[in-house]
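Visitor: I'd like to learn how to read a sheet and a core. Could you walk me through them?

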Amino acid sequence: MHGRLAVRGVDARAAAVIRIEAVWLAVEPIDMRAGADRLLASVVRVFGAARAHHGYLFANARSTRIRLLVHDGFGVWCAARRLNKGSFEWPRNIASDAAPLALTKDQFDALVLGLPWQRLEQMRVITRM
């Protein structure tokens, strides 16, 4: 019984460590063979620094796979997702000097499901039938 409580305590502490306060989108495609160190170098190059409790999203050239790098204040976590069919809605043709793209929680949730996250506000209102 005591072992189960300890495991639950670890899970709760881990969830507190891996919190994401902001999600940033890297619009240039990246090779999905990149590990955490190479993704971290890309974050520093593109965003200037990796901030604690911020997540940084990358996609491959076909937008069929994404990687999320999260800095938890002590180290980095890396997660990957791919769609079996279709591709993620990923912005294209954005100038390299454009401001970094930040996502809301709703936009992030839609993006990882492969939904049109850029049109969420438009989709919430029906104007014609």
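**Sheet and core**

Guide: Five strands make up an open, mixed sheet, ordered 4-3-2-1-5. Strands (E, at least two residues) and helices (H or I, at least four) are DSSP runs numbered from the N terminus, and two strands pair if DSSP finds at least two bridges between them. This is a predicted model, where local features need pLDDT of at least 70, side-chain atom pairs count only at pLDDT 80 or more, and totals for chains, interfaces and linings use all residues. Residues are numbered from 1 along each chain as its sequence is written, and side-chain values use heavy atoms, leaving out hydrogens and water.

Visitor: Which are the edge strands?

Guide: Strand 4 (76-82) and strand 5 (101-103), since each pairs on one side only. Strand 5 runs antiparallel to strand 1 (residues 22-25), joined by three bridges. There, V23 has L103 as its bridge partner.

Visitor: What packs on the sheet?

Guide: Look for contact, meaning heavy atoms within 4.5 Å. Helix 3 (residues 105-113) packs there, touching strand 1, strand 2 (54-59), strand 3 (65-71), strand 4 and strand 5.

Visitor: Which residues touch the most other members of the largest nonpolar core?

Guide: A nonpolar core is a set of buried Ala, Val, Leu, Ile, Met, Phe, Trp, Tyr and Cys residues joined through side-chain atoms within 4.5 Å; buried means under 20% relative accessible area (1.4 Å probe, protein chains only). Here, out of 16 residues, they are L25, L57, I66, W90, L103 and L111. Helix 3 gives the largest share of this core, four residues.

Definitions and conventions: Axes fitted to C-alpha atoms, helices over the stretch in contact; angles between N-to-C directions. Buried < 20%, exposed > 50% of the residue type's maximum accessible area, 1.4 Å probe, protein only.
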